[in-house]
Amino acid sequence: MSEELEHILSQLTQPDNTIIQQATAQLKQAFKDPAIIPALCAVMTGSQNPQIRQSAAVMLRMRVKKHWKKISPDHRESLKAVVLQAFTQETEHAVRHSLSQLSAVLVKHESPDRWPALLDLLNQSTSCNNPHDRQVGLLLLSKVVDSNPEPFKPHYRQLLQLFGTVLQDLNNPTAMYYCILTLTSMTAYTGTEEMNLMRSLVPKLITALKHLIKADQDQASEAMEVFDELMESEVSIIVPHINDIVHFCLEVSADTTLSDSLRVKALSCIAFLIRLKSKTVLKQKLLNPILQTVFPVLSAAPPPGQEDPEDEENDDEDDVDNESPKHFAAQVIDTMALHMPPEKLFQQLMPLTQACLASDKPYEKKAGLMCLAVLAEGCADHIRTKMLSSMLQTVCQSLSDSNQVVRSAGLFALGQFSEHLQPEVSKYSAELMPLLLGYMSGLNQAKIGHVTKAFYALENFLENLGEEIQPYLPTLMDTMLSALNHADNLKLKELAVSAIGAIANAAKELLVPYFLPVIDSLKGFLTDTRDEMRSLQTQALDTLSVLARTVGQDVFSPLAAECVQLGLNLIDAVDDPDLRRCTYSLFSAVSSVSPACLSPHLTTITTTMLLSLRSTEGVTAHLEEDKQFVLLDDDDDDDEGDAILEDEAETDGRDVSGFSVENAYIDEKEDACDALGEMAFNIGSAFQPFLESSFQQVFQLRDFPHEDVRRAAYGAMGHFCKAQHKVWQENPTEANQQALQKLLEVALPSFLEAVHAERERQVVMGVLEAMNGVLKACQGEALRSPGRLQEISHAIRDVLKKRTTCQDGGGGDEADDDEQQAEYDAMLQEFAGEGIPLLASAAPAEHFWPFLNELLPLITNKAKSSCTVADRSFSVGTLGETLQALGGVAGGQAVAGRLANRLLPVLVGGVRDSDPEVRNNSVFGLGALAQAAGPLVTQDYPMMLSLFSNLLAKEADRRVIDNLCAALCRMILSNREVVPLEQVVPALVGRLPLKEDLEENKTVYSCLAMLYTHSPALIVSQMKAIVAASSQVLGTKQLDAESQATLVVMLRDVAQRHAAELQGAMTSLPAEQKTRVTAAIAQS
């Protein structure tokens, strides 16, 4: 059979399609004969043609990979012997490479201890004195270990000793290359006993890489993955050598003679180290050397006649491939901003940035602006409170620069500021809006790349303006509608559609007059099925979703059913992940306005979404030799011939294991999770038949390779629990309660595991947010399982003590508390801290007391004057909310009373703070303490009243004044007997109406109504001020329905019993307000 097989294989190499098709058919037939294995073995060892020997090896590998169980034991044994024999006698590198890959697949099934001949060959070849034989042995070793690293563990010590020798053989770079690949595969499986050996290899590894760079930059770039792997799985091996690794990477990054991919690898390695070990980088004084190397890379001008990729004029911004050293240099600074304390970073970074900004060279100016832009996310608090005005001035000046490269960078920076520096940046709208509108009006629309950047800046700024957008709305909407109706350029239409979404987010109901023309345009785009419309359709769906959420139920509901149908038609007609993703977002937006519209289509909608979650499209295994194979290749015999043909193009490609996932498919999964969660909650009982299958599918994604999908999966699990809780509340059957407990029993343990084990800080924030949402909605139901209260409390404690995996490897301790930390690390702790008041309101106070007792010091520690404003504000805010929660649970008063002596000094200190937000939260906390502890703190009233009186006399911040009023009301509501009402009430009503914290109107008016019941004369004596305040809030959104009713009942009673006083109080009111009060009293 072997001669026949060799003939078929030679036919496959002919340049004639007919011959190839005939040969393929014969090959499929041959594969049905069990003798195919020995026949292929014979060809693999006996053919004179290396291409045919290689094809036989590839086919054997495919056979073993897919049909191992069907191969008889005799054939298995002979195959193991033949492959090693073929390997030792083979002279062609390409064939040897395929043979090593065949051995690698065999090792997956036959562990090395069941294949002693393999170990003998590896031992013999890798210790051989002949450099070429040793190189060949290391090739085989790298393939078999990479294929199945774990069974080789007993040999790791011996292998590491071997590597110590090989890495010093600087004249044999290929041997070093295979050695480093093997080390990379082993790293994740090494145990503590190999640590010291691994550690001692790092200096040799750096020297070997330096030599490998001179020999083969592509191999060196791949070998540098060893650092990623060491950092991923065992960062402690690297810590003693961080200094050397950073300096090596800096050398590579700075060397412009090296390939971009190698320099990018070095820069991304530095960024990864900063993410994992920012404290070590700072302690070893590496920040300055890194910045000194990164800045020249960031500010380098491109070669004459060329531009940076992002500055080139091209139609499709998304096609810009930014794997350039400059892009990664900016990422290094971005990573520093996210992982280092701003004070330490800015001290060394700002002089370099300012030097760039002051330069007259455009690319240096651009570098300075890019630097400001990437700092905005990670150092938002620092910039907002200390530097916003000067940084904005710099960016605005750049928009009038003569060079477009500089203007583009300025627009990018302004967009980043608008996204991350809210709400402060919006306060500059009077200066920025005219500037942006002027800039837009002067644009050359042919330069669509630059126009896109201008839209980006405008859109991000508009999005958060709220009602401040009103004066600019006519100009903005004229500009956008004329672009929709007249522009020939589809990209310009797409930008205008996107901007309308941003305008709607700010304008909300103010957009209603423009709603119909906008909707008509969007519908037109969504029914046009031409391929070139795809990007515009995606954007139209996004904007339609925003309109559904913003223009108001009355305006959008009549269109809801039609929008759902438009979405379903598009999913049906077009196979595109971006389009599906936006359709899912549209469905979830419609569910918030008109859930009934979706009910008839839920089977279709959920089926499509679950397919998106299950789909492995866009997820590719990086196996060079399987480049035609997508993950989860189907296992069908009939495909074997084709599979082999596709595979035959194999050359000396190296397999890089791992997965890459195309962004569009990641976004699709993420949005499908978000949409399913929101729809389940909004639709309620009609979603019940789909809840369990949706939950199960989302639960599978908690280990997905991409962090955004993991985060979305945890978020959706939280929504499903809240949805089931809502259904149970509306229909309190035992079955509904059991269904809720079943979900909670899966979701909460997976949240807790993720808090401790997940590496990505962003995901842990999402998990904590989801868990807080479940606690808030489900209350005691979430804590029914024995031990759950303790587990959640301990998870919060561990985040506050920096003991989790995502907090620099979980090596935190309390001594760390005073250390400055990155803003995002503080934010993670804030998410954890938000769980404390939620637990306080969900559990009986005595049950929660031992855990609260342990958590409180971790919160009060952050109120020290040496802490940042954000930390101090978080600390006193959490204390206030916890006290307020205790006020509403069984046994809460006793626990609040027990805490009073510990918390009073902290809150009193906060009332005297220089920052208004800290003062505000502290005032709220004292009011909450008075209300929660009731009679147990009356002895502290004189001190509190004196403190408030002093503050009221000099406070300028309106929100603090509003909270002072509410705190006084809480003290009165709790113990009016010990408050000197004759002095306090006039001071209180003199500060009404509330201006900023309108939620506290409820507290204020319920207090006045209570006082009117118990001390009517006192209230009547203050009638003028009370009526003046009431006239400004009655019939407005400032008062909720319950408070409106309370106020009206009181005023009506005053009108009956004290008519003259009321009339007197109303005489000085403006006519409009007088009418409002009269109408409110008169209504039945």
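Which residues in helix 39 meet which residues in helix 42? In this predicted model, Leu789, Gln790, Ser793, His794, Ile796, Arg797 and Leu800 in helix 39 are in contact with His847, Phe848, Phe851, Glu854, Leu855, Leu858 and Ile859 in helix 42. The two elements, helix 39 spanning residues 788–800 and helix 42 spanning residues 845–860, pack at an angle of about 5 degrees, and their axes lie 10 Å apart. Helix 39 is therefore roughly parallel to helix 42. By residue class, the contact of helix 39 with helix 42 comprises 8 nonpolar, 4 polar and 2 charged residues.

The cysteines were examined next. A disulfide is a covalent bond between the sulfur atoms of two cysteines, and the structure holds 0 disulfides. For Cys396, the closest cysteine sulfur belongs to Cys371 and is 18 Å away, which is too far for a bond. For Cys673, the closest cysteine sulfur is that of Cys721, and because the separation is 14 Å, this pair is likewise too far apart for a bond. Cys673 is, moreover, buried, with a relative accessible area of 0%.

A further residue, Lys1074, is found in helix 54, which covers residues 1071–1082. Lys1074 is partly exposed, its relative accessible area being 31%. When its neighbours within four places in sequence are left aside, Lys1074 is in contact with Met1066, Thr1067 and Leu1069. Between Lys1074 and Leu201, which are 873 residues apart along the chain, the C-alpha atoms are separated by 85 Å.

Key
Residues numbered from 1 in each chain as written. Predicted model: local features only at pLDDT ≥ 70, side-chain atom pairs only at ≥ 80, totals over all residues. Heavy atoms only, no water. Disulfide = S-S within 2.5 Å. Buried < 20%, exposed > 50% of the residue type's maximum accessible area, 1.4 Å probe, protein only. Axes fitted to C-alpha atoms, helices over the stretch in contact; angles between N-to-C directions. Helix = DSSP H or I, 4+ residues; strand = E, 2+ residues; numbered from the N terminus. Parallel < 35°, antiparallel > 145°, perpendicular 65-115°, else oblique. Contact = heavy atoms within 4.5 Å. Nonpolar A, V, L, I, M, F, W, Y, C, P; charged D, E, K, R; others polar.
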